[in-house]
Amino acid sequence: MNQRPPQYLKLKHHILRHITNGDWPPLSRVPSENELVSKFGISRMTVNRAMRELADAGMVTRTQGAGTFVAERKAESAMFEVRSIRDEIISRGQEHTVEILIRELVSARPVTARQFALPTGAKLFHSRLLHRADDEPLQLEDRFVNPVCAPDYLEIDFYKEIPHQYLMRTAPLQRIEHTIEAEAASKRLARLLAVEPGGPLLTLTRRTWSHDHVASYVRLSYPAGKFRFVGAFNAGDFKTS
């Protein structure tokens, strides 16, 4: 004998249908608990459980005294893929723009030189770009590049061909190393990424190798409220010792 789904689950599915169908767009108000209790003839505890689980799943946000609202959809990036931020933004139907903050030849400081297995003072290319989606800051790209792998890096028109596109063309990937961490926004990062000082950021640090050299070392910083990394793995991808 089939059991009927619990009331809180039926309510969750009802709300999710409205969200996924576009009936309730991001930031629109969800009916109050009182309204849902009255409409569905269920208890406040049942409504509260449904709303709590939707909030935990990131589908709605609950604000004391203001109500419940459909959460903004976060931009996503595949966790272990190397993709162009421009392509990701355009694929979501948004406009990509870039601001060039720094483009220079530098002498590597000890910490940076170690990332390339080069001596302190070795010459590296350095660029810092701010990527926007529909004029909203989405990614700060702070990149060092090995001239051996990309000798024309500083001559590229980054408005037409962003660093990722140029490097994929000139320095084919041999190996990739990723680190993802959360950090609090400094005053400089807060200003660039339009968040509050001390606000949460997601930072991806990536090294890439090409032709047996470290080709690029980059820190990609994102406002945590607008972005998330996603990944899917098969059981066979993991080895046990």
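Two strands count as paired if DSSP finds at least two bridges between them, and strands themselves are DSSP runs (E, at least two residues), numbered from the N terminus, as are helices (H or I, at least four). This is a predicted model, where local features need pLDDT of at least 70, side-chain atom pairs count only at pLDDT 80 or more, and totals for chains, interfaces and linings use all residues. Residues are numbered from 1 along each chain as its sequence is written, and side-chain values use heavy atoms, with hydrogens and water left out.

Now select β1, β2 and β3. You have an open sheet of 3 strands, ordered β1-β3-β2, with antiparallel pairing. β1 (29-30) and β2 (60-63) sit at the edges with a single partner strand each, so one side of each has no neighbour in the sheet.

Zoom in on β2 and β3 (residues 67-70), which pair in the antiparallel sense over 4 bridges. Click R62, and look for its bridge partner in β3, T68.

Next, bring up helix α3 (residues 44-56). The helix lies across β1, β2 and β3, at about 115° to β2; axes are lines fitted to C-alpha atoms, for helices over the stretch in contact (heavy atoms within 4.5 Å), with angles from 0 to 180 degrees between N-to-C directions.

Last stop: I176, in strand β8 (residues 175-184). I176 is partly exposed, with a relative accessible area of 35%.

Methods: Buried < 20%, exposed > 50% of the residue type's maximum accessible area, 1.4 Å probe, protein only.
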